[in-house]
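Here is a short briefing on aromatic rings and the nonpolar core. Look at the structure first, then read on.

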Amino acid sequence: MKKLIIINGPNLNLLGKRETSIYGNLTFTAFFEQTVKKFPNVKLEHFQSNIEGELIDKIQEIGFDYDGIILNAAAYTHTSVGIGDAVKAITTPVVEVHISNTFSREAFRHQSYISPNAKGVILGFGLQSYELAIQSFLDA
Ligand code: DQA
């Protein structure tokens, strides 16, 4: 059974009530419960933090053991050399995910410190972006 983890960065704990026209009405907890049921053959975990260093600690902690990381570093995607370096340092493949199409938004969201070291990037499909990322690890 593949062991995957979704790592979510800052403000993604507010899904369901944050800018719902962009991010939708579903809470991440509700989405995660659905997704666990949808992928019964995956050991799926979830970690969220608003703190950059905690995200780096988590990436380091599981980054040599798990089969895949689905990483939505949220705003840190566009600013964090540290998270980018952590992704580079580990052996577990990382798929970068965004709920919104960051390229159709402000220019500062077009830059990613994750993408150069990610296995791939999936963005703009709403919460389905996470499911597509999970599927990519199963097909691999
Ligand atoms: C996001 C896009 C980022 O630009 C933004 O800062 C987020 C969420 C997304 O999933 O669409 O917080 O990563």
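Phe28 and Phe32 sit in helix α2, four residues apart, which is about one turn of the helix. Keep in mind that this is a predicted model.

**Ring pairs**
- A search of the whole structure turns up four aromatic pairs.
- The ring centres of Phe28 and Phe32 are 6.2 Å apart and the planes meet at 25°, so this pair is stacked.
- Phe28 is buried, because its relative accessible area of 6% is under 20%.
- Phe32 is buried too, with a relative accessible area of 17%.
- Phe31 and Tyr130 have ring centres 5.8 Å apart and planes at 50°, so the pair is tilted.
- That pair links distant parts of the chain: Phe31 belongs to helix α2 and Tyr130 to helix α5, 99 residues apart.
- Both Phe31 and Tyr130 are buried.
- Ring pairs join Phe28, Phe31, Phe32 and Tyr130 into a cluster.

**The nonpolar cores**
- The largest nonpolar core has 22 residues, and Ile70 and Tyr130 touch the most other members.
- Two or more residues each come from β1 (2-8), α2 (28-38), β2 (42-48), β4 (94-98) and α5 (128-139).
- Helix α5 gives the largest share of this core, four residues.
- Leaving aside residues up to four places away in sequence, Tyr130 touches Ile6, Asn8, Leu12, Phe28, Phe31, Ile70, Asn72, Val97 and Ile99.
- Another core, of 17 residues, lies apart from the largest one; Ile5, Ile59, Ile62 and Ile114 are among its members.

**A charge over a ring**
- Lys3 lies over the face of Tyr66, 4.6 Å from the ring centre.

Methods. Residues numbered from 1 in each chain as written. Predicted model: local features only at pLDDT ≥ 70, side-chain atom pairs only at ≥ 80, totals over all residues. Heavy atoms only, no water. Core = buried A, V, L, I, M, F, W, Y, C linked by side-chain atoms within 4.5 Å. Buried < 20%, exposed > 50% of the residue type's maximum accessible area, 1.4 Å probe, protein only. Contact = heavy atoms within 4.5 Å. Phe/Tyr/Trp six-rings, centres within 6.5 Å; stacked < 30°, edge-to-face > 60°. Lys NZ or Arg CZ within 6 Å of the ring centre and 35° of its normal.
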